[in-house]
Amino acid sequence: LPLPAAPRFVGSLAALDHAGVDVSRPLDITALSVLALRNAPRIRATVARHRLAWAQHRAATLLPNPQFSGAFLPLLAGFGTTPAYNYVITEDIRALITHGARARGARDAAYQVDAELLWQAWQVVATARNLGVDIIETGKRLALLRRQAAVEHGLLAASLAAERRGEVTAGSVLPLADAARRDDVAIADARAGLRAQRLALDGLLGLKPGVAVPLVGRADVPRVVPDLVRAMVPGLAERRPDLIALRLGYAAQNQALRVAILSQFPPFALGVQGNSDNANVRNLGPQINADIPLFDLDQGNIAIARATRAVLHDAYVERLNAAGQSLLDALAAWRAARARLLLLRAGLPALRAAAANAGAALSAGDIDLPTAAQFQLALLGREQEILTSETDVKRQAVAMATQLGADLPQIRLTGDDRLRPATTREAALP
């Protein structure tokens, strides 16, 4: 196949695979996840890995070919009367003995690849969710920063005017100028962060850098039910594709150990040999080729297979424990962020009322601009803290949803009761 000479990008949302998603309207987090699942270059590249894994499985299930050797010897001189010939047909018996274990191991290895690819799909969806949350929340933060900068610059302008009239000193203006500069820097940083997040989203979807992906103004994420999360911790091994992939890899290695044990049967080829000499004396009978098992009884390969299986066992246990701990840590972080959010929200109505009263008093001339500005800045600061806590809550919810597979393609069992991952094309997000 020809290799492309330059990067290939999709030029618009409409050119993506967007069946069931209205790309003419702003997208919510779920619609964004669907687009990522169907169009991410990382997901499309998994098709080739899936085909490779099952091609390797197919190769492992093939029986070895019989071996043939022969010779034809024309009579050149002597007392013979006919040309001589000989032939041998043999079949490797040990390969037949180990065939079943090798085929089962190859099947488990192929299923393992599919489970790994499904886990990769989960990660793509999680990345899409996090980018969606970050872009929406950064946009809100940028709006709050602009409002805060407007207040700070208005206060600075009034102070500069008062300084020119000799009402205040330059020392009292300097902190205001510094605060205004900090706001400008924060706005510039937020713009750069938002630009980087949008470029990352374009790259995730395979879009040309700079293509705008319109999003709704609210970042809805899967709902968290703490009791349900805790109840699902013991079942992580049955849900998470990465854990199932490790289990399948362990099963494949178990078959590799079985192959090593069966390979203690010495190399053994059984066949038929026939020949005829120049006097036309013909022979036909069985032939056996075998190693004499005196020194090498496959002890080394058996030891390596057992040690490898032990390593995979320990890796699985470690990953399972880490998965459970990670989920509980995410739940604890979600609880802490949510508690902080509730506390911040509790004082918000009073701050809003105070800011509104200060604005009315400023209009009536009862208070000066600096006093009214302090109420506005206190309200904006609280709104930014609330926004930060809301982002933390949503990111922890995404982390838990990813680990539990909420609304994600799932592992299913086949008729032969063996684990088989559903492909990303077979499963769809609601």
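Ala-180 counts as buried, at 1% relative accessibility. This residue is part of helix H4 in a predicted model of a protein with 10 helices and six strands. The protein has 430 residues, and 39% of them count as buried.

**Overall dimensions**

- The radius of gyration of the protein is 36 Å, whereas a compact globule of 430 residues would have one near 22 Å.
- The C-alpha trace spans about 135 × 50 × 45 Å along the principal axes of the protein.

**Helices H3 and H4**

- Helix H4 covers residues 170-205, and it packs with H3 at an angle of about 160 degrees.
- The axes of H3 and H4 are 8 Å apart.
- H3 is roughly antiparallel to H4, because angles over 145 degrees count as roughly antiparallel.
- The crossing of H3 with H4 is left-handed.
- Sorted by class, the residues in the contact of H3 with H4 are 23 nonpolar, six polar and nine charged.
- Ala-180, in helix H4, has its C-alpha atom 8.9 Å from that of Val-151.
- Along the chain, Ala-180 and Val-151 are 29 residues apart.

**Helices H8 and H10**

- Helix H8 takes in residues 299-346 and helix H10 residues 369-404.
- H8 and H10 pack at an angle of about 155 degrees, and their axes are 9 Å apart.
- This angle makes H8 roughly antiparallel to H10.
- H8 and H10 cross in a left-handed way.
- The contact of H8 with H10 has 14 nonpolar residues, along with four polar and seven charged ones.

**Aromatic pairs**

- Three aromatic pairs are present in the structure.
- One of them joins Trp-54 and Tyr-111, whose ring centres are 5.0 Å apart.
- The ring planes of Trp-54 and Tyr-111 are at 70 degrees, so this pair is edge-to-face.
- This pair links distant parts of the chain, with Trp-54 in helix H2 (residues 41-61) and Tyr-111 in helix H3 (residues 93-164).
- Trp-54 and Tyr-111 are 57 residues apart.
- Trp-54 is partly exposed, at a relative accessible area of 23%, while Tyr-111 counts as buried, at 8% relative accessibility.
- The cut-off behind these two labels is 20%: a residue is buried if its relative accessible area is under that value.
- Another of the pairs is formed by Tyr-85 and Tyr-87, with ring centres 6.5 Å apart.
- The planes of the Tyr-85 and Tyr-87 rings are at 10 degrees, so the pair is stacked.
- Tyr-85 counts as partly exposed, with 30% relative accessibility, and Tyr-87 is also partly exposed, with a relative accessible area of 29%.

**Asn-280**

- Asn-280 sits in the loop between strand E3 (268-276) and strand E4 (282-290).
- Its phi is positive, at about 65 degrees, although Asn-280 is not a glycine.
- Most residues other than glycine have a negative phi.
- Asn-280 counts as partly exposed, at 37% relative accessibility.

- Leu-27 belongs to the segment before helix H1 (29-39).
- Leu-27 is buried, and its relative accessible area is 2%.
- From Leu-27 to Ala-40 the C-alpha separation is 16 Å, and the two residues are 13 residues apart along the chain.
- Leu-262 is located in helix H7 (residues 241-262).
- Leu-262 counts as partly exposed, at 22% relative accessibility.
- Leu-262 and Asp-28 are 234 residues apart in sequence, and their C-alpha atoms are 56 Å apart in space.

Notes: Residues numbered from 1 in each chain as written. Predicted model: local features only at pLDDT ≥ 70, side-chain atom pairs only at ≥ 80, totals over all residues. Heavy atoms only, no water. Phe/Tyr/Trp six-rings, centres within 6.5 Å; stacked < 30°, edge-to-face > 60°. Helix = DSSP H or I, 4+ residues; strand = E, 2+ residues; numbered from the N terminus. Buried < 20%, exposed > 50% of the residue type's maximum accessible area, 1.4 Å probe, protein only. Axes fitted to C-alpha atoms, helices over the stretch in contact; angles between N-to-C directions. Parallel < 35°, antiparallel > 145°, perpendicular 65-115°, else oblique. Left-handed = near helix turned anticlockwise from the far one by under 90°. Nonpolar A, V, L, I, M, F, W, Y, C, P; charged D, E, K, R; others polar. Rg over C-alpha atoms; globule rule 2.2 N^0.38 Å.
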